[in-house]
Amino acid sequence: MNKIIMLTAALVMVLGLTWGGVALATPQADQAIWQSYYQKRFPNVPKEDFINGVYAIDPVSRESWEAIEEFPPYEMAISQGEKMWNTPFANGKTYRDCFPNGPAIAGKYPYWDKERGMVVTLPLAINECREANGEGPLKYKKGPIADILSYLRYQSRGQLTKVEIPEDDPKALEAYEKGKQFYFARRGQLNFSCANCHVQNPGNLLRSDILSPALGHTTHFPVYRSKWGEIGTLHRRFSGCNKQVRAKPFKVQGEEYRNLEYFLTYMQNGLPLNGPGARK
Amino acid sequence: MRTHHFSAGILVAALAAGLPTGSWADDQADFEKAMTAAREARKKAATVGGEWRDIGKFLKQAEQAAAKGDFATANQLAEKARRQGELGYEQAMSQKDVGLPAYMIAGSK
């Protein structure tokens with residue numbers, strides 16, 4: 001502990017001396033830069049509209065997206081998920097026994113669990129609920145997990161993203177920092193970071209896709225993606241984006257992606273939840 | 001280029017002399033050495049989260065080629081996997097301390 005304090009003090013001094021006046025990279029400072037960066041880059045896009053991904057910045061594809069949203073391809077998943085929510089497990093209990101404030105609970109996730117020293121995401125909590133009640137865990141990328149998530153996130157629409165990084169636990173900050181490092185680190189044979197595409201190049205074409213800005217990137221999951229022809233989870237998307245730069249993807253709901261989700265969701269604080277979503 | 005000519009020269013000489021040019025067992029041993037090196041490089045990259053996507057595939061293909069006796073292809077693939085493992089490790093180490101890039105900070109002002 002003492003070591004950490006001394007190190008931090010030394011770091012503050014070094015930074016203070018070299019860059020005198022430049023604020024330390026706290027999560028709050030990162031978030032302010034993050035949100036302001038996109039608003040400066042797309043001055044005509046109202047902040048809340050960033051929750052609509054690429055459609056916030058591309059009027060042409062927005063037209064067809066709005067037509068799709070009139071008959072949302074994720075509707076089935078929502079009702080399927082509602083059924084799951086209301087169907088008792090074999091032991092007679094239901095999801096509500098795990099989530100007494102449910103189903104509108106998505107705004108609470110991801111959160112830092114101090115006792116366990118880890119980031120807890122909503123899909124992880126769902127599977128832990130199942131296992132605590134003698135049910136098998138669901139696969140994390142698609143299928144039933146996407147159904148129940150669709151229902152819970154639909155019920156949570158309008159809640160504001162509000163991730164907290166408790167200041168009384170340095171491990172929470174560490175998890176945030178790991179997620180941040182992951183986001184900005186180049187990886188894979190193509191040597192791209194997440195930021196190379198979604199911070200540096202939003203609005204530019206990558207093959208047939210217009211790259212979306214990362215402001216709002218977590219608000220609408222799970223997402224029905226036409227290319228998938230089905231609904232997928234946020235970690236499925238992480239995995240796909242790792243693979244396209246020819247990096248080996250990480251385990252879905254493993255520590256790396258949970259920390260990444262923690263960082264990336266914190267960057268969106270203040271933006272309303274609008275899942276499930278539909279994308280090309 | 002020069003080494004090429006040189007080894008080709010040796011091969012021709014060996015054939016002419018009717019000597020065995022290396023047994024299957026030798027080839028297999030060399031290949032296994034290459035595979036061990038590749039697996040170690042892959043593991044090292046993975047410990048820092050730097051493994052690239054296709055290394056596993058190359059290793060599998062290398063094994064298949066070796067099983068067919070095509071050690072030239074097998075060694076090439078093992079070598080490629082080893083190199084990617086080393087590059088992935090170096091890449092991850094070089095990115096250890098990254099944070100918000102300068103263009104982002106500048107663009108936010």
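Q: First up, how do you know whether the radius of gyration of chain A agrees with a compact globule?
A: This is a predicted model, by the way. With 280 residues, a compact globule would come out near 19 Å, and chain A has 20 Å, so the two agree. Along its principal axes, the C-alpha trace spans about 60 × 50 × 35 Å. As for what it's built from, chain A has eleven helices and seven strands, and 51% of its 280 residues count as buried.

Q: What makes Cys98(A) and Cys129(A) a disulfide?
A: Their sulfur atoms are 2.1 Å apart, and the cut-off is within 2.5 Å, so the pair qualifies. A disulfide is a covalent bond between the sulfur atoms of two cysteines. Searching the whole structure turns up one disulfide over all chains.

Q: Is that disulfide right-handed or left-handed, and how do you know?
A: Look at the torsion about the S-S bond of Cys98(A) and Cys129(A): it is about 75°, so the disulfide is right-handed. Cys98(A) sits in helix H5 and Cys129(A) in helix H6 (residues 122-132) of chain A, so the bond ties together parts that are 31 residues apart in sequence.

Q: How do you know whether the length of helix H3 of chain A fits what a helix should span?
A: H3 covers residues 59-70, which is twelve residues, and at 1.5 Å a residue they should span 16 Å. The end C-alpha atoms are 17 Å apart, so the length agrees.

Q: Which residues of H3(A) are buried, and what puts them on the same side?
A: Ser61(A), Arg62(A) and Trp65(A) are the buried ones. They cover an arc of only 105° around the axis, so they lie on the same side of H3(A). In general, an α-helix has 3.6 residues a turn, so residues three or four places apart point the same way. The buried residues of H3(A) pack against strand E7 (277-279) of chain A. On the face turned away from the buried side you'll find the exposed residues Pro59(A), Val60(A), Glu63(A) and Glu70(A).

Q: What makes the peptide bond from Gly102(A) to Pro103(A) worth a look?
A: It is cis, with omega near 5°. Pro103(A) is in the loop between helix H5 (95-98) and strand E1 (111-113) of chain A. Another cis peptide bond joins Phe221(A) and Pro222(A), with omega about 0°. Most peptide bonds are trans, and most residues other than glycine have a negative phi.

Q: What is phi of Gln253(A), and why is this residue called buried or exposed?
A: Phi of Gln253(A) is near 65°, a positive value in a residue other than glycine. At 7% relative accessibility, Gln253(A) falls under the 20% cut-off, so this residue counts as buried. Arg246(A) has a positive phi too, near 60°, but at 33% relative accessibility Arg246(A) counts as partly exposed.

Terms used
Residues are numbered from 1 along each chain as its sequence is written. Chains are lettered from A and ligands numbered from 1 in the order in which they are written. This is a predicted model: local features need pLDDT of at least 70, side-chain atom pairs count only at pLDDT 80 or more; totals for chains, interfaces and linings use all residues. Side-chain values use heavy atoms; hydrogens and water are left out. Helices (H or I, at least four residues) and strands (E, at least two) are DSSP runs, numbered from the N terminus. The expected span of a helix is 1.5 Å times one less than its number of residues. Buried means under 20% relative accessible area, exposed over 50%, partly exposed in between (1.4 Å probe, protein chains only). The arc is that of the directions from the helix axis to the C-beta atoms. Contact means heavy atoms within 4.5 Å. The radius of gyration is taken over C-alpha atoms; the globule rule is 2.2 Å times the number of residues to the power 0.38.
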